[in-house]
Every structure is written in structure tokens, then in C-alpha cells.
There are 4 protein chains.
Amino acid sequence: MYPYVSFMQNKLKIINDPVHGFIKIPHEILFDVIEHPYFQRLRRISQTGLLNLIFPGATHTRFHHALGAMHLMFTAIETLKLKGVEISKEEEKGALLAILMHDIGHGPFSHALESMLMDDWHHENLSLLLMNRLNEQFNGQLSTAIEMFQGKYHRKFFNQLISSQLDVDRLDYLKRDSFFTGVSEGNVNTQRIISMMNVCEDRELVVDAKGIYSIENFLTARMFMYWQVYYHKTSALAEFILVKILKRAKYLVSQGIILPATENLTYFLYREKGSATDEDVERFTQLDDNDIIQAMKLWQKSEDFILSYWCRCVIQRDLPKTIISSHPFEKEFIDDKIKHTNALFGIDNGHELVHEIKRKLLPYDTEKQPIWLLQKNGEKIKLHESEDQLLSGLMVNKTTRYILTFPRNTNIQEY
Amino acid sequence: MYPYVSFMQNKLKIINDPVHGFIKIPHEILFDVIEHPYFQRLRRISQTGLLNLIFPGATHTRFHHALGAMHLMFTAIETLKLKGVEISKEEEKGALLAILMHDIGHGPFSHALESMLMDDWHHENLSLLLMNRLNEQFNGQLSTAIEMFQGKYHRKFFNQLISSQLDVDRLDYLKRDSFFTGVSEGNVNTQRIISMMNVCEDRELVVDAKGIYSIENFLTARMFMYWQVYYHKTSALAEFILVKILKRAKYLVSQGIILPATENLTYFLYREKGSATDEDVERFTQLDDNDIIQAMKLWQKSEDFILSYWCRCVIQRDLPKTIISSHPFEKEFIDDKIKHTNALFGIDNGHELVHEIKRKLLPYDTEKQPIWLLQKNGEKIKLHESEDQLLSGLMVNKTTRYILTFPRNTNIQEY
Amino acid sequence: MYPYVSFMQNKLKIINDPVHGFIKIPHEILFDVIEHPYFQRLRRISQTGLLNLIFPGATHTRFHHALGAMHLMFTAIETLKLKGVEISKEEEKGALLAILMHDIGHGPFSHALESMLMDDWHHENLSLLLMNRLNEQFNGQLSTAIEMFQGKYHRKFFNQLISSQLDVDRLDYLKRDSFFTGVSEGNVNTQRIISMMNVCEDRELVVDAKGIYSIENFLTARMFMYWQVYYHKTSALAEFILVKILKRAKYLVSQGIILPATENLTYFLYREKGSATDEDVERFTQLDDNDIIQAMKLWQKSEDFILSYWCRCVIQRDLPKTIISSHPFEKEFIDDKIKHTNALFGIDNGHELVHEIKRKLLPYDTEKQPIWLLQKNGEKIKLHESEDQLLSGLMVNKTTRYILTFPRNTNIQEY
Amino acid sequence: MYPYVSFMQNKLKIINDPVHGFIKIPHEILFDVIEHPYFQRLRRISQTGLLNLIFPGATHTRFHHALGAMHLMFTAIETLKLKGVEISKEEEKGALLAILMHDIGHGPFSHALESMLMDDWHHENLSLLLMNRLNEQFNGQLSTAIEMFQGKYHRKFFNQLISSQLDVDRLDYLKRDSFFTGVSEGNVNTQRIISMMNVCEDRELVVDAKGIYSIENFLTARMFMYWQVYYHKTSALAEFILVKILKRAKYLVSQGIILPATENLTYFLYREKGSATDEDVERFTQLDDNDIIQAMKLWQKSEDFILSYWCRCVIQRDLPKTIISSHPFEKEFIDDKIKHTNALFGIDNGHELVHEIKRKLLPYDTEKQPIWLLQKNGEKIKLHESEDQLLSGLMVNKTTRYILTFPRNTNIQEY
């Protein structure tokens, strides 16, 4: 029925994945969720937003990531079973469904746009909301999955596999983003890390002590991916511009200016704050990256200089200048850039084009869901307290970087 | 200036590529062309059309392919130089520019749409037209490249590297499409093939005889990619649907029905046959995949059943059934499917939804640009006439497959 | 207890493998066999003989290959189970043990030496003999494995997985040899091929029809590996020289000449034809590549010119010349080379240094264990009779190549 | 002439390498050195000693590593040239020859054996000694290479590329050892690191500042490789046993006991301390791993319990127990193990079988050849003093681990 999976005799279905090889879909209900339009929408939402402006290979989607994370969950469950952890069919389905749907409420592009579209809504809330809707359509078959997703299921390790400092979500996105960007520094050894997973006292996800270096390697790989890819100054800039564009558009609309856009995007430009209505949800599930790109293509010609400036930056990839520092920039320096910008373009709101963007990262959080090692004597110990650790103890502090963006002199050129 | 390249001291610029590692941009003019909006547009045109419906990883773009092909051209030139073939700076630039721009006239999605939008225009004509426009803007710096592209340059091997049965275009797209689809059967050894390239009599591209198995492997890999990926029955279907949608939309518009679409797409829906005007070209260079996807999203709700049916098929990935055969289908069988379709949907134009799609492939063409081997004695011989060949002589016949598509019973479900 | 495996909680043991990732050892008895000296000996027997003279990376061992094949067997069994084929724990163990031990009787270097050492013994006979010895030591735990290995077990597909045209032995060695030689043309997609395996009528190994191109790709990959690697003219030469050296040594010994060698090798140099005695077996299990290499190092200084010539060829990698042809060489041409050799070295037995080596390959045997496809209608059909096949029907004929070796003029140089 | 290289028209020769793809040999003299018996001997010396007991894939050789390092040197030189650093043909040849020969004096197995065989000789001294001998044979063509190797050449960056904290030797062995062991944590991005190399003031090797994370990733990868692979407790054990075996053998020989061994190894067992004689050198260049393995096979049956015990440990891979700690072991604990060992085997020299092995690592040395970053302003700064560094400043302290080995109860079993 669905030609992108290979229907094998006796029901085993597989999907090609250049990252993990082949992804098996071991239960019918998983397949039913995958074919639902809510999930198919993820095909049109890129995994890494505008990162492809910097890393042209990064055109992969949330759809593929969700499948990949499900694959890793399946591998983790198989490993735990081989180690004697009892996991029922119902639990297996629940865990696979939960991770499959963990991003189902994701909006267009990065997280950054969510608040623009749905105010203070976080995509995990939207995911939950959509999961509940699906659960109705599937007659309650997703209930265990939803419990696990929310952390309400009594065996906590299922939730830890879905969302913690060492969950299959992170394992998949690091490996996948590393693969598609070509930044090999982030290529974590998911196979080995998962083979080292275990469960302690039937509830806590732990890692066999001998896997410590693979875990530390995972933490450093993640840190490098953040600073080299996700928080790369141009990545940070691109994400920032997207938010600025939506903010500006909402502002202009609030001033009575009419902006061309698709019907659904227009709806959200005019939407007032407040809890999500049925129409909100309905329209949200029809929104994807294309609505935003199409809008930016059109708004390049907007009469509002700020809006058209940012849109041209993205569509023509003619990006403003950025400089990065480990200290905040001096107010005088910023003011000077604003003055220069005003002069350059003959405008008086140059401050809209000059910004300090801040990015910070805590490579390893010792407090919130620490990673536990299972020692040979059967006792567990926190990763950074193990005498074998080489780097974990050194990665417990936040790093902050400041990125200043301002127009470059040549930024106004027209072809 | 362009943050996605790493500006190294002394001008060497590199771009990340998961397929080839790193791509160097060795000349300033290459970089200038890359940053031109004509070229940046290729970021929004997928390399393999709707193939990601079948192979979810295949979201890569024409932009990346063009850079990859340029990289292979650079490698080929370096190899030839090491073998004593003299190549001037001007020729090197020309060859790199020509391959960089070879797809610059590519329309949205696959080649299939070109004729819908621009009648009988072929994207190579459009590429040439756009190259000439760019050449004006760059004060004639692209003249040698254009000569090479057209096959007018006196040293023919440059054109053979750009367009022949063993050109760097094919080498890149096979390897790249294999990489992103995860279909490893198409992973050709570009490094080895290029290392075996040579030039005979200062004009003919040849392959050192000892590279014969790599060449045969390349030909079989290509054949497998065609039948397993490009001509996969669902790939063929998806491409076919796209064409049907555009055709139907043009038909409806010609009947006076108004269809929502972006301004530029609308322009082409109404465009009459005829040679390309300046406005045609101007608008064409602003068209990309997003215009088509957006239209399909909107047209799902069209009152025309045929149009809305096809659009829902794509957007919700709820595809009709296909069966494949090495023989044409019987007329009775097809008629029966049409009758069934009419009954299923209560329509009388079911023949619009039932089609036989034909795909044929000649794995190796012995006549048009045959591949030449350079033997130890310095003489050249045609690949399939070498006594060492294992398969080439067997791949000189066309294979044809027939794919019949018709609605499946469940295709009308609504969520 | 065995530090090269990672003992995980609850018994799961894994071994690093750059080819397949990680190899799990799911049963205790497998581990017991691995640690037996008979099996540990395989660490000192290279998988591809002297191929590393041509492909320096090919230093991998029979030990690693046996583990890799066991890993693929495990994957195949898991896949078949997911497709509903019932396989008992006893059968699983049997199949894993059988493939693990399939090469346990392998002698030093390639198959070619076996007949030199043990006359007409084939390594599969020796393997069986050693399996039976092990079975005694392990109290009959290997009985099912031995039945499967011999093809006596009633469910034939287990034997087909161990030894047929599409067995896990071939899958592993092609992928592994491709990996270590760096000849990517042989990199078969084992994961996909195995995912397409199935069982028909509870006894016959079949491949789901949709996997046809992967199977054809496997057959062409194998063919390329033979002509590019195993039957590469220098590979064929190296294997030939090894046999010549042993033959010459046995001849010299039979003439009363004393040759230095390890005790065990000496034993085999003097051994008369006849069925294997206990001492034969005992000594054979202590022989490995090192005995042969050490002998060649010593025999470089032999007073017999022929013996020392061949030994220096290998140890100093100063190989004689080879030419390859698809036709046998003319007798006159060969005689001329012999005359030249006699003159070059001032000897009269130059015919010992001039030889025609013959290699032939049947890429796909339609008669002996043909590959069966399982069609959608549940019926099976032979691969080369399927209407979908692209190349199989073309690979049913033998190809033969003739390689002539003779000394090169510079071959006598001394440093 | 040498069949393992592909002779292409016009002299370009290539060698297959699964790690780097293909290795080009761009100068005739390189090829002449490669074919010399001194260099061919490296084919029989494993790159990582007995590491294949723990990581079965690690059977690669010094020969391949030397070629790989030469390849990286070639890449580095090409990159520097593209950045405008002038490098003459003579210098290029010198640098390539120097790195090609850097390990030519390497003895069998690891560095550990060198002192056993040649007393206080270090393999770099032996390398230099052999280089000088070769230089005579090649009429002084290696003089520049030798100058560079010794650090006497005026442009220091050549020596830094050969031997420093960021030399191509390390880049190759980390990537290669990671590849063959399957420990992906050590897979450094050599291509990117080299593309970031530069030269400052025509003498100092520096790294463009934007490459900082790749350098830090290289340093952490190296650290992980040390603790996970090279200093893995079983690796440390295996290396330790080798030394013990040779030491014991020399002791027994000094006591008048006769041990079977090859003539050359016997020579070194009896050799007295003192500067290297011509015979020493001559015999040394004929020694390789096979001499040692053969001796261990024979010495398994030695009447000396200690010697036979250790030899059986290696050959049968029946290794003693090890425990690891970050603190030295208590004397009482060790004494207890010795007592237990004496009782177990009924011997009185159990202290020979119980040992504390110590391993320490300084991940980054800030003093000796620090790594310099080239900042945008053209000034250089030490890596760990850059404000962008994330980890370097944390890796400046030594880590030490203590490994205690003692026999396991089951260690005496016989098959």
C-alpha cells in the first residue's frame, strides 16, 4: 500500500536510511501513525532549519529524524532484552510510538519560530496535544506511549530513553546532523553507546561502566556540534533572522499593513495571544517550511525596508556580517554600528539591523538527569564522580558566546 | 563575505560536503558565480524531485550537485596534469565554470516539468541562455566555459568531461544520489575512475586500460540505480503525477477556472507557446520547488476532482497503486481499471487516473560517445570491443518496463 | 575472563569489527569454541594469503572472517524469525556454531597449500575432522552444527546459509575483502540482501522477489572481486609461487637435501601420502602462516637456485613479470622465455621459472544450487528465469584468463 | 614493474588504501625507497603489536602506515602551496622521503622490544642509521630528507609536519588505528585538519584559528584512543608480556640454557650491550614479527615455567587477569596475589607473574612544541591560550593508571 516501504513476506517493512542502514517497522500501529497526515507533514519541515545555508548537505527532515530515533529505540530495547530486562510487547510498542511522535508538534523551521506563531507554546506541548488527538483516532492505542512521553509511566527508563541527557533523540540527531552536514566531529558511535545501556533496579537507565569513554566521547562530540554547527555564528544568525522576519511581519500587520502570505500563515500573523483553539491546531498542522519560504520570497519586495532586507538576506543568501566573542560587545561599538547602518541605508531604524545574539551551552548537566554508570559491583555512580572519567568533570560549566551582526557595506547590491 | 565557506588565509575557500569530504573553490570567479541569485536558486530545487517520497534521505539539491561535479572536475584536471596533459589556467577555469553552471537553467523538480512550463524548452537551452546572461554581467569571463559547454572548444575532452557517457556530471549524481537514498548499489568509486582518466592525441578523453573493471562497475551501478531508484515504479509514478498536475492545472486555467498560485507560477500557467521573452526568463529564475509544493497544498481543495486527487496523493503521500511488467498491459485490463475507477469515485473521467507509464534504459550506448580505453601500446580501443570486458558487451541493449497506475480502493479516505 | 570481549552485565559479549560494527556472541558455547586453541590458530592465518603484496591493507585473518560470518548468520536468523519462520534455540546455536567453525581446518595461507601439505585433503574435510574432535571435547554440543554443515539436517536452508551461491560465508568474505583491500567494487550490501532472505516450504532458502537487483549486484560485485582482486594477475602469481616453493622444497627433501624449517613444517615436508593420522592432525593444528614465512626467509639463502629465487621474490617483493591474455600463450613464445631465462641466469632448468597460470570463473551457476526468488504470488522461480533479471541471464558462462610469468631482467639484483 | 602499484600512462603510480582511498607516489625516488628490502621488511611488522588480541581487525602494518603518512604529507604540501607557501620540488621530495622513512628502524612489534634487542637504542636512532645507509646507496638523494627528519633544515615547519604534537605521523596512525580496530572514537578528520594548516613567517607550522574545534577534537580523539585502545588494560598487558618473554629468554640464555629460535633472534638473545656493529644492523634488518611469534610458539614447551606460561598466554590467548585503578595498588594486596600464585602453581617465583603496570598520558603538552593558531589579524597564539578553546586548557595535566596483572585460577588448563 505504501510504496516507500518494502513490503516483505510476512509483514516486515523496511525504509532506507543512509545513516542507520535500514529501518524496520516492526508493528502495524507504527506504520499507521507514519501514514497519518500529521506525521507526513514532517517531511516538509527541515531538521536543522536554515543550517543548509552554511552546510549545503543539511536538507534532511524531521520525518527522517523521527524514524531514525525510532530505529535506535528498537535497538536499545533489543539490547536490554538480551541483557535480561523484561519488556512486554505493549511497552515496546509504547516506547517506539512515543519516540516516533516526539516531534509531531514541531512547527516550521527551528524551535525559534514556535513562539512567534503560537506565543508561548512549546513544541512539546503541541506534540502532546496532537498525540492526544491521534490517540482518539486510533482508539486509545497510543495511551502507553503518551504516558511514557510525559514521564508518568512507572518504569522511568522508558522516559529516560525518550528524553534525558542520553536519550535516543540526541543520539539520532547528533549522528544524523553530523552525517548530513559532513562535520565528522559529531559522528557519535550510537551502536556502541546503545550496546552499553542497561537498566538498574528495573527503573533507572544506566550505562555499563566500561562504556565510560564512549559516553564522554558523546558529550564532547555534542559540545563540538553545538559550537561548530548549531551555534556557528552564521547558524545563529540565520535562526535569528527568521525570528526577526516573523516578528517584523506581525508588527507590520498589527499596523494595518497587508502582507502577501498563504492563508494559514496569514492566520497566524493575525492571531492574538491565548490558548490554542481547534482552528489553531487545525491550521497549525497544515503549516510547514514552504509557507515561510514562500513568504520570504514575496516579502523581498516589501516596501518595509527592514522586512525586505532580512528576506533578501536569506533568499539570496547575502548575509550580513557577524563577529563572535566570548565577552559581550561594548555599547559604544554597537552604537557605532547602528549609526553606520543608518548612514549606509539612509534610514533611522538601523538598530533593527544591528543585534547581539547570545548562545550558551552547558555540555553536561550534573543535576538534571545525570548519567549513571553501572559498576561491576552492581552499584551505580554518577558519571562525573567516577574515578575513570577523563573529561566529564571538566564539562560541567556553561560556555557563553556573543555574536554581533550588522550589515556589510556591499549588502545592498542588486543583480 | 559568505560565511558558509571557510575563508582560509590566502584565499583558499572550502565547503563541507558529506559525499566528497571538502570542496575547494580554487578561483574567485567560481565564487562570484556561486553567490549569484541564479545559482543560489538551485538551493531550492531538489536534485531528485519527489524521490524523497520513496527514499526519505533524498532531499539533496541541485546546488550541492553542481558543487560536487565541480569538485570532481577539479580532481580530474589535477590528475590529467600529473599525467603530463598541459592545461592552462584559462582552460581550468573554463572547465570548472562550465560544469558549475551546467544545470543553472534547471526548473523546479525534475526535467518532466520543464516542458509544462516552457513548452518544448529543454533545461540545457535554458542553462545556455542563463550562462550568456551571466557572461554579460561578468564581462565575458565565462566565454571559454560556454564554448566548452557547447562542445565548440577545440580540445574536445573538456566537453567530454562535462557531457558524455563518463562525465563528471554522472559521476557526481550517481555517487550523491546513492549516498542520500542509502541505495549502496550505486556507490561508484569516483576517485578510482578519475585516477584512470587520460587524454589521447591531446583531444580525446580515454581511460587507462587497467581501469576497465571500474568502468564496467560504473556502468552496472548506473543501471541498478536506474531500475532501483530513478525508474522505481513509485518514483516513475511520482514524476508522472507532477506532470499530470501541471497539465491539469493548465487545462483548467484554459477553461477559465481560477486556481490559487504564486504570481510567477500563475504566469506560466497562462503562458502561451512561443520563444522565451525577457519576462519569461526573469520569472523563470524566480521559480523553484516551493512554488509547486505550495500550489499542490492549495489545490488539494480544488473543486476539480482530478486535480485535488493527484495533489492529495503527493501531499499526504497517499499514492495510487502501481504494477510493473516487462510487457505492455492489455487494453482490456486497462479499460477494466478505468471502469472500476469511475464506479469507485462516481466520475466519468476515470481514464485521467489510470495510466501506463513507460521507462526504458540503454545501459551503454556503443554509438554515441563510446568510452575509449587506452591500451599499453598507446592505441585506443572501444570499451565493448576490448577482449578484457566482462559485461559491457552485454549491456548494449535497451530494457523497457511498463508501469500501470490506478487508484486503490482506500485512496479516498479522509482523516 | 577474556578481555577482548566486552563482558556486559547479564552475559552479552561483543567484539569490535570495523566491517560490521559490533559482533555479539549470544551463546556461551560459541564463546567456548572461540577460545579453543584450534580456533585461536585462525588468528595466525591470513584470510587472503599473499594478497597483501598487492593490496597492503589485506592483512585480515580467517579468525575475523569466521566471527563476521557468524554475525551475518545471527542477523539472517533474526530476520527470518521476524518473518515468521520458526527457529528453535537449538537450531540457532547449531547454525551459529556451524558457520563459526566452517574454516577451522584451514591450512596456512590459501587453499593452494593444502594439497601440498596433506595431499588430496580439502580443508572442508579437515574442518569436519576437527569439528568432530571438538564435539567430543564439548560432549556432543556440536552435533546439530555438524549435521547442518554436512547438509544432513532436514531443514536444508540452514545448510544453504552455510554453503551455497548466496551463503553468509560469501557475504562476509566479499564485504570484508573489499573493505580491507580498499577495492570498493566488491562492497556488497549484506544488510539489504539478508533483509530480503526468506524460507519457502519450511526448507528452501529464497529471496523476496523485490530484492532481485541487490542479488544481481552481489553477483556482479563477486565477479569484479574475482578478476580485480583474487584473480588479479599478481595475486594469481603470488599464490602460484607459494605452491611452487612448497613443491620444490618437498622435491629437494626427497632428494636428501636438508632444508631448515620449524619442526612441524619439516614433518609435513617429509610426510608420505596416506590418510590422516593422529599425529598429522595434531601437528597440522600447530601450523600457521608464520611457519611458511619463516621458511621462506631462511630458504632465500638455499643453494638451490629455483627455491631461493622464488623465496626472494616473495620476501623482498621483487616479483617476476606477468602478462595476461584471454587466450592460451603460443608454445613458441613460452619456449623463447625459457631459453631467455636459462641464458639470463646461466641455468638449465629455466622451465621451472616460466609458467602459464590459468584462472576461470563462472559468475553464476544455474545448475548447482541456483538462487530462488519468492514471488508475490507465493511461488518460487529461479533467478535467471525471472523476467525482471537484468544481468543474471548474461552471467551463466565461464570466463577464462591465462597468465604467463617469467623472470624480469632486473630480478637478480642484490642490495 | 611492481604489480601492486597501478602504473598509469605517464608515470603516476597509485596504491590502494582503505583508509585514505588511493595513495599516489608522485616521485620516482619514493618508489625506489619503497622497493628496498629495508622498507619491504615493514610489511612484516604490525603497526600495533599484539593489539589484535583485543581488536581482531588491528592486523595492519608499519608498511601501510608509512605510506599513509606520506600521503598526508603530500596533501599538506598541496594545501600549503594553494595558500601561497612556496615549496620547491627538492623540499617536497625531502619531506615525502623523510616521513616515508620515519619508522624504517622499527623493530618487531612495539617499541617495547627495542630496548630488549638493542639495549638503549631507540627506533629513531635506528631509523636515522638506516636512512644514512640508504642515502649512500642512493647517492645522497636522501640528504634533504635526513636534514628535515633531524630538525636541521632551516624551514622548521617541515620537521614539525614530521614530528610534533600535530604531525602527519599522528594524523595517520590515529585514523588508521581507529579504522582497523573499529574504535570510531579515534576517527580524526585528517582532511579538515590539514586544510586548516598554514605556515607563519615562513618557518612555523600553524593552524588557521577557525580550525580550533577540529584541533581540540583531534586532541580528545587521541586521548580516547590512548585509554580505550593503546592503554586498554589488556593492550598494556600484552605489551608487557612481550617484554617479559624477551627478558626471561635473555636471562635463561645467560644462565646457559639453550632456547630454540631463528638464527637472527638467537644472535640478539646473546648480544652484549654496546654500540651497534655492522653485523647488528645487518641482522636487525632481517628481524620481524615472525621471528618473535615463532619463538613464542616454540617456547610454549620450554621447561622454564615462567617462559612457557607467558608464551602460552599469548599464543593460545589465554590471558592472565588484570584490574585497573587510578591509584597504585597496596603492597599487601600484591603480596597476597604472589602468595596465591605460588600456591596455585607450586612455584616459588610467583612474583614473576604478578606485576603492576603503569601508564600515563599528557593529552596536550603546552611546553614542548605547542600548537599555534593563526588569528585573522595575522598574529599567532598558543592553542590553550585562545579565548575560543573549549577543552585544550583542561587537557594539560597528566593522567596515570595502574594495572595489576596476576594469573587467573583457570589459567593452567590444557586442551
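Guide: Start with helix α17 of chain B, residues 331-345, in what is a predicted model. The helix has 15 residues. From its first C-alpha to its last it reaches 21 Å. That is close to the 21 Å expected at 1.5 Å a residue. What follows α17(B)? Gly346(B) does, and its phi is positive, near 65°.

Stay with chain B and turn to its contact with chain C. Chain B gives 18 residues to this contact, and chain C gives 18 residues. Helix α11 of chain B, residues 212-230, supplies the largest share of the chain B side, with eight residues. By class, the side of chain B that touches chain C holds seven nonpolar, nine polar and two charged residues.

Chain C also meets chain D. Here 38 residues of chain D are in contact with 38 residues of chain C. Which elements give two or more residues to the chain D side? They are β2 (13-17), α2 (37-40), α3 (62-82), α9 (168-181) and α15 (289-299) of chain D. The class count for the side of chain D that touches chain C is 17 nonpolar, 17 polar and four charged residues.

Now to chain A, and to one residue in its helix α11. Leu219(A) lies in this helix, which spans residues 212-230 of chain A. Is Leu219(A) buried or exposed? Leu219(A) counts as buried because it has 22 C-beta neighbours inside 10 Å, and the cut-off for buried is 20 or more. Not counting residues up to four places away in sequence, Leu219(A) touches Pro363(A), Tyr364(A), Ser392(A) and Met395(A). Take Ser392(A) from that list. Leu219(A) and Ser392(A) are 173 residues apart along the chain, yet their C-alpha atoms are separated by 7.8 Å.

Step back to the domains of chain A. Domain 1 is made of 6-101, 142-230 and 365-395. Domain 2 is made of 233-360 and 402-412. How far apart are the centres of domain 1 of chain A and domain 2 of chain A? Taken over C-alpha atoms, 33 Å separate them. Where the two domains of chain A meet, 12 residues of domain 1 are in contact with 11 residues of domain 2. The domain 1 side of this contact in chain A has eight nonpolar, two polar and two charged residues.

How values were computed
Residues are numbered from 1 along each chain as its sequence is written. Chains are lettered from A and ligands numbered from 1 in the order in which they are written. This is a predicted model: local features need pLDDT of at least 70, side-chain atom pairs count only at pLDDT 80 or more; totals for chains, interfaces and linings use all residues. Helices (H or I, at least four residues) and strands (E, at least two) are DSSP runs, numbered from the N terminus. A residue is buried if 20 or more other C-beta atoms lie within 10 Å of its own, exposed if 12 or fewer, and partly exposed in between; C-beta atoms are placed from the backbone. Two residues are in contact if their C-beta atoms, placed from the backbone, lie within 7 Å. Ala, Val, Leu, Ile, Met, Phe, Trp, Tyr, Cys and Pro count as nonpolar, Asp, Glu, Lys and Arg as charged, and the others, Gly among them, as polar. Domain bounds come from an automatic or database domain assignment. The expected span of a helix is 1.5 Å times one less than its number of residues.
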